[in-house]
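This report walks through a two-chain model. Please keep the sequence and coordinates open while reading.

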Amino acid sequence: MRIGAIKAYLLKEFKELIRSRLIILIYLVPTMILLLFGYGIRLEVKHTRLVVVDEDRSTLSMKLLQNFTHSKYFQILYTTTSYQDALHKIKQAKADVILIIPADFEKNLFHTHKASLAIFIDGAFPLRAMTMQGYVEGALINAMEDFAQKYNIAMHHIAIVQRNLFNQAMRDENAIVPGLIGLVLLVAPALLAALLIVKEKEYGTIFNFYSSPLTKSEFLIAKLLPVFLLHSLNIFILFLWSTYLFVVPFRGSFWLYWLSSEIYILISLSIGLLVSIITNRQIVAVVLTLIITIIPGFLYSGILMPISSMQGESYIEAHLFPIMYYNQIAYDTFLIGQGLASQKNLLYLGILILYSIILLTLGSLLMKKGMR
Amino acid sequence: MALLHVSNLHVQYKETIAVDNISFSADQGEIVGFIGADGAGKSSLFHAIAGVVPFSGEISYHNYTYHSPKEAEKIKPYLGLMPQGLGLVLYPELSVKEHLEFFIDIRNLKKDKALQQYTEELLHMAGLAKFTDRLAKHLSGGMKQKLSLICTLVHRPQLLILDEPTTGVDPVSRRELWEILQHQKEHSLTLFSTAYMDEAQRMDRVHLMHEAKVIAQGTPDSLIQSAKPYTYEGVYECDTCISFQNRTYALSTLPMPHAKPTLESLFFINALQHNAIPPKISIAPRSKPLDIPPIVMEAKGLTKRFGDFVADDHIDMQLQRGEILGLLGANGAGKTTFIKMLLGLYPIDEGDLYLLGKKISSAKDREDLKSKIGYMSQNFALYKDMSIKENLLYFANLHHIPLSIALTKIDELASSLGFAKYLHSLPKDLPLGINQRFSLAAAILHEPVVLFLDEPTSGVDTIARAQFWDLLHQLKNRWQISILITTHYMSEANFCDRVVVLKSGKKIVDERVDKLFEQYPWAKSFEDIFFYLYQKEKT
């Protein structure tokens with residue numbers, strides 16, 4: 001190992017990165033992904049626009065409606081008596097939900113203990129509709145429980161007690177941001193590693209390596225170390241954005257988060273290395289890296305869908321990609337904080353280490369000093 | 001035993017054989033040349049010797065024998081390789097000085113006084129001593145090649161492999177490159193491939209390559225002598241001979257006197273021997289006769305500035321009807337900028353331009369003249385994933401040529417320019433010479449009155465170049481076309497009627513070529529005149 005030669009290469013890489021202004025992208029892109037997705041993906045629905053058709057106009061119906069007015073999730077546009085009018089609003093996309101309280105609602109409830117009301121929801125976006133349905137039901141059940149207690153009426157329905165674990169506040173940021181870190185740290189180092197090597201192939205400067213006594217491992221260190229160092233800083237930057245800007249709680253060990261992220265970066269840059277072996281053009285390398293990192297990074301990260309609810313092929317695929325293992329640890333360190341006390345985290349950290357060793361070895365074996 | 005010994009070398013890429021059973025030896029202090037058409041296998045041969053591609057056969061250097069790139073690792077400390085392509089081994093974002101430091105460091109050289117002195121000497125010889133802080137991306141083509149060479153030389157390699165280091169480099173920089181080479185020639189063995197025959201002439205031994213094989217080798221003089229029996233003075237019409245520039249080559253005996261051959265002659269004789277006689281080119285007359293004014297282009301005090309830098313400084317130039325005007329000068333002298341101003345690709349900062357007797361003052365003026373002007377750029381503007389025919393149809397479309405006329409015109413040009421059998425191939429699969437000819441076809445498809453050609457012959461092999469010039473002369477004679485051409489081949493100035501030489505944005509020569517030879521009777525070639533005039537201007 002000749003330190004002088006490696007140092008020369010490292011110095012050259014940093015100079016090039018700074019002068020070509022690529023360095024800006026290295027730090028801008030991860031932050032941008034975090035900000036864009038972090039603010040852009042909203043699974044919860046706030047300010048559901050509600051139109052109430054109150055034909056009952058009783059104390060009970062008033063009480064019921066109060067539950068909606070005092071919630072940040074609802075915004076009662078207005079109360080009307082015309083069903084047609086309310087429906088028209090939905091059709092014009094000016095309202096999301098219609099709540100109809102029929103005449104004699106209160107009377108029926110007191111006399112027969114049986115009453116019904118109707119909720120109509122704009123189902124154009126099913127996921128959104130389901131969320132809104134949940135809100136409305138929750139609000140109604142709440143109101144009815146209060147009411148039943150107050151008047152000592154036995155309620156014959158099953159109250160569904162819902163409580164979201166680890167994200168009691170039901171904040172989207174908590175659910176999404178740690179997963180995004182897993183996505184960013186998979187995509188960005190892979191992209192940079194592939195570019196740094198393929199760029200030399202495309203320009204022809206790779207001949208300097210081919211025709212010099214520099215060994216393959218020296219070249220790899222010279223190429224991959226800058227990627228590793230530069231993106232190590234992103235681990236902290238992303239952490240700060242998450243905890244300060246998105247106010248995601250951090251309950252676990254920072255050391256575990258740091259360690260697993262560094263290992264994860266190694267995996268990512270090995271993917272970039274593998275891409276650089278089979279491509280000769282920068283643009284091809286970029287597209288290929290993006291495809292093989294972003295898609296699994298997003299689909300199998302558990303952001304959109306919990307892995308446990310996946311079936312068949314997708315379940316297997318999720319276990320093939322490294323992101324699932326990293327995300328488990330990331331979510332744990334942010335939201336739960338069990339750390340290595342949990343068997344699963346320990347196992348997954350082991351899998352990540354194994355993953356990085358295999359990919360890195362594979363990359364350095366397949367890489368050739370010479371053309372073809 | 002020789003320093004380098006290559007025996008039975010084979011290189012194969014999938015189906016194609018790039019190097020077929022080549023053996024040779026060479027010794028320290030020699031400059032060994034390799035010439036041949038592009039695709040003949042020169043680069044592959046060099047890559048194999050440098051241990052960059054897998055090969056079969058045996059190479060021994062300094063009594064160390066290697067059979068694979070892996071075994072070749074041991075010779076890398078002694079090796080200096082400069083691959084083909086302008087500034088290929090340079091990093092655009094690094095400065096001249098940083099390049100030298102980088103190459104010193106990756107070679108693990110001891111940084112002592114002697115090394116410092118040596119690098120300063122190299123910088124000085126390359127004329128780069130004043131530009132040590134300039135980034136590689138801001139260097140001209142010639143400077144890039146000189147920097148590449150001194151970076152390759154910094155560890156004093158004993159086996160120096162230079163793959164067409166002078167292609168696309170201006171004559172002034174080429175001369176400097178050779179001076180550097182001569183300077184360190186004693187300490188190493190140099191393998192050198194080139195498209196310039198005047199360079200091959202200076203080498204100790206030359207190998208002529210054809211289709212992956214070495215078909216002739218020897219000293220330049222002995223090779224030239226071997227061509228003598230087949231070279232005749234004058235022009236002769238027959239099916240089994242080739243005539244070019246008042247010389248005729250034939251394998252059979254012709255009833256005419258022998259002429260003194262040159263290294264170029266070898267290529268023609270080789271073509272004859274392999275029965276690869278290039279198709280006779282003949283241009284059909286214009287479809288519509290045109291009335292062309294006697295002065296086609298006139299520039300008065302044309303000036304272009306880039307910030308403080310004056311690329312073209314008050315240049316006056318006239319192009320007459322049916323004239324071939326050669327525009328010469330070093331890289332960065334302002335040739336391409338000048339042509340781009342003529343074409344309206346750069347706005348003119350100062351001066352007047354008249355095209356076909358009409359003053360050009362707006363884009364509208366140019367619009368009307370588009371159909372009269374043909375242009376072929378340095379890097380042949382072709383779409384690499386469209387067949388030749390599709391490319392030509394596309395250009396025909398640009399000029400609003402009706403489809404039926406365009407199709408017949410393309411067929412006509414294809415057969416007269418000799419690329420008919422390649423019409424359905426993709427440009428990327430074809431040799432440069434064919435691409436060059438069909439780029440010209442694209443430029444003359446609309447039968448222009450004036451042609452602007454920017455380095456159309458760089459990197460193209462001898463025979464293709466000869467054909468190209470034949471074509472230009474026919475265009476001139478049959479179409480009365482005027483041609484403004486830039487080139488780095490000084491020998492090509494002989495084919496022009498008049499030359500204009502630019503130096504640092506100023507015009508220093510504007511004279512008929514025959515007049516110049518009258519003025520300087522001592523000159524053996526145009527190159528002598530060029531350098532005399534170029535250097536005179538310096539003092």
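Contact here means heavy atoms within 4.5 Å. The model is predicted.

A:Leu186 sits in helix 7 of chain A. Which residues does A:Leu186 contact, leaving aside its neighbours within four places in sequence? They are A:Tyr264, A:Ser268, A:Ile271, A:Thr293, A:Gly297, A:Pro322 and A:Ile323.

The relative accessible area of A:Leu186 is 3%, so the residue is buried. The cut-off for buried is under 20%. A:Gln338 lies 152 residues from A:Leu186 along the chain, and 24 Å separate the two C-alpha atoms.

## Domains of chain A

Chain A is assigned two stretches as domain 1, 3-41 and 171-366. Domain 2 of chain A covers 48-151. Taken over C-alpha atoms, the centres of domain 1 and domain 2 of chain A are 48 Å apart.

## Where chain A meets chain B

How many residues does each chain give to the contact? Chain A gives 25 residues and chain B gives 29 residues. About 2500 Å² is buried between chain A and chain B. Carbon and sulfur atoms give 60% of that area.

The polar side of this interface can be counted too. Between chain A and chain B there are three salt bridges. A salt bridge joins the side chains of A:Lys369 and B:Glu73, at 2.7 Å from N to O. There are also 11 residue pairs in polar contact between chain A and chain B, with both residues at pLDDT 80 or more. On the chain A side, helix 1 (3-19), helix 7 (172-203) and helix 8 (206-210) each supply at least two residues. Helix 1 of chain A gives the most, with eight residues. By class, the side of chain A that touches chain B has nine nonpolar, eight polar and eight charged residues.

## Salt bridges within the chains

Side chains of opposite charge can pair when their charged atoms come close. Over all chains, the count is 35 salt bridges. One of them pairs A:Glu16 with A:Lys199, with the closest N and O atoms 3.7 Å apart. A:Glu16 is in helix 1 of chain A and A:Lys199 is in helix 7 of chain A, so this pair ties together parts 183 residues apart in sequence. Both A:Glu16 and A:Lys199 are buried. The two residues also belong to a network of salt bridges that links A:Lys12, A:Glu13, A:Glu16, A:Lys199, A:Glu200 and A:Lys223.

Chain B has its own examples. B:Arg498 and B:Asp510 meet through their side chains in a salt bridge of 2.6 Å, N to O. B:Arg498 belongs to strand 22 (residues 498-503) of chain B and B:Asp510 to strand 23 (residues 506-512) of chain B, so the pair ties together parts that are 12 residues apart in sequence. Are these two residues buried or partly exposed? B:Arg498 has 10% relative accessibility and counts as buried. B:Asp510 has a relative accessible area of 28% and is partly exposed. B:Asp510 also forms a salt bridge with B:Lys507, at 2.9 Å between the closest N and O atoms. B:Lys507 is partly exposed, at 32% relative accessibility.

## Domains of chain B

Chain B is divided into domain 1 (4-217), domain 2 (221-273) and domain 3 (295-538). Over C-alpha atoms, 32 Å separate the centres of domain 1 and domain 3 of chain B. Their contact takes 17 residues from domain 1 of chain B and 18 residues from domain 3 of chain B. The buried area between these two domains is about 1400 Å², and carbon and sulfur atoms give 56% of it. In domain 1 of chain B, B:Asp38, B:Pro171 and B:Arg175 lose the most area to domain 3 of chain B. Together they account for 36% of what that side buries.

How many salt bridges cross the interface of domain 1 and domain 3 of chain B? The count is zero. Helix 5 (141-153), helix 6 (171-184) and helix 7 (197-200) of chain B each supply at least two residues of the domain 1 side. Helix 6 of chain B makes the largest share, four residues. The domain 1 side that touches domain 3 of chain B holds seven nonpolar, five polar and five charged residues.

Key:
Residues numbered from 1 in each chain as written. Chains lettered and ligands numbered in written order. Predicted model: local features only at pLDDT ≥ 70, side-chain atom pairs only at ≥ 80, totals over all residues. Heavy atoms only, no water. Buried area = accessible area lost by both parts, 1.4 Å probe. Salt bridge = Lys/Arg side-chain N within 4 Å of Asp/Glu carboxyl O. Polar contact = N/O pair within 3.5 Å; in protein donor to acceptor, adjacent residues only side chain to side chain. Nonpolar A, V, L, I, M, F, W, Y, C, P; charged D, E, K, R; others polar. Domains from an automatic or database assignment. Buried < 20%, exposed > 50% of the residue type's maximum accessible area, 1.4 Å probe, protein only.
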